[in-house]
Amino acid sequence: MPLLSPDRLRDVRALLCDADGNLFPSEEPAFAASVTVTNRYLAAVGVDRSFTAEELRLATTGKNFRTTARDLAVEHGVDVPDLEPWIEEEKRAVTEHLRLELRPDDDVLAALRHLEDHLTLAAVSSSALSRLAGCFAATGLDGAIPASRRFSAEDSLPEPTSKPDPAIYVHACTVLGIEPAQGLAVEDSVPGALSAVRAGCPTIGNVRFVPVDERAERAAALRAAGVLTVVSSWTELTRLVLPVLALRSPAAEGGRR
């Protein structure tokens, strides 16, 4: 079991959860749906390159399609087209696929039930709100994190962005009425961890849904990105965090929204 300094969680009032690959195992099925749209997009802009779903996952985990499409165009030296039609097409394809593929996970649901007694739960994601809505409904998380506490780098900001830009974490903290230091982030990807850390949020890496043969490398990369520690399950995270929260003063607990 990793260790966590009580001082780092002394003022924490909210748990800021990345969604894809963290609250549910959506990365692989999402890329299975996204790769067809991505390859059609590349062909349309004149890029002689196509991906398998696994290649796309390994190359772009932690980014939304907007950033992926822009980065791929720039990387191959072509003009970035109007991305909105492609974004909408990719969003529809992925959302429908995830609605069919995802199921509730007992580890996640049990952990959030314990943690919500101490912290306000929120989701902070690069993904579109419509995609999150489908995923939360399919995985039984609507009750734990309602739509009013879901924040999307694609939809919730004046200008869409993607992690590792810290803007979405800063925005989430502002809406929740907390300082970044009061929001404990949980992230599975390096771009996500960088986003949270750069915003000033204490961050825990979670490799629960990372493929087993990638976990050691991912954990090392998350630590290099500045996370406090890395856990391998939501049960482990709960066992790590709850005793620390129990040591806090009644005033700190009373500050939870």
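Good morning. A residue is called buried when its relative accessible area is under 20%, exposed when over 50%, and partly exposed in between, using a 1.4 Å probe and protein chains only.

The structure shown is a predicted model, in which local features need pLDDT of at least 70, side-chain atom pairs count only at pLDDT 80 or more, and totals for chains, interfaces and linings use all residues. Residues are numbered from 1 along each chain as its sequence is written, and side-chain values use heavy atoms, with hydrogens and water left out.

I begin with helix 1. Helices are DSSP runs of H or I with at least four residues, numbered from the N terminus. Helix 1 covers residues 27-44, which is 18 residues. From first C-alpha to last, helix 1 reaches 25 Å, close to the 26 Å expected at 1.5 Å a residue; that expected span is 1.5 Å times one less than the number of residues.

Which residues of helix 1 are buried? They are E27, P29, A30, F31, A33, S34, V35, V37, T38, N39, Y41 and L42. Their cover includes helix 2 (53-60), helix 3 (65-75), helix 4 (84-101) and helix 6 (129-139). Just after helix 1, G46 takes a positive phi of about 90 degrees.

I turn now to the cysteines. A disulfide is a pair of cysteine sulfur atoms within 2.5 Å, and the structure holds zero disulfides. For C17, the nearest cysteine sulfur, that of C201, is 12 Å away. C17 is buried, with a relative accessible area of 0%. C135 is likewise in no disulfide, and its nearest cysteine sulfur, that of C17, is 14 Å away. C135 is buried, with a relative accessible area of 1%. Thank you.

Notes:
Helices (H or I, at least four residues) and strands (E, at least two) are DSSP runs, numbered from the N terminus. Contact means heavy atoms within 4.5 Å.
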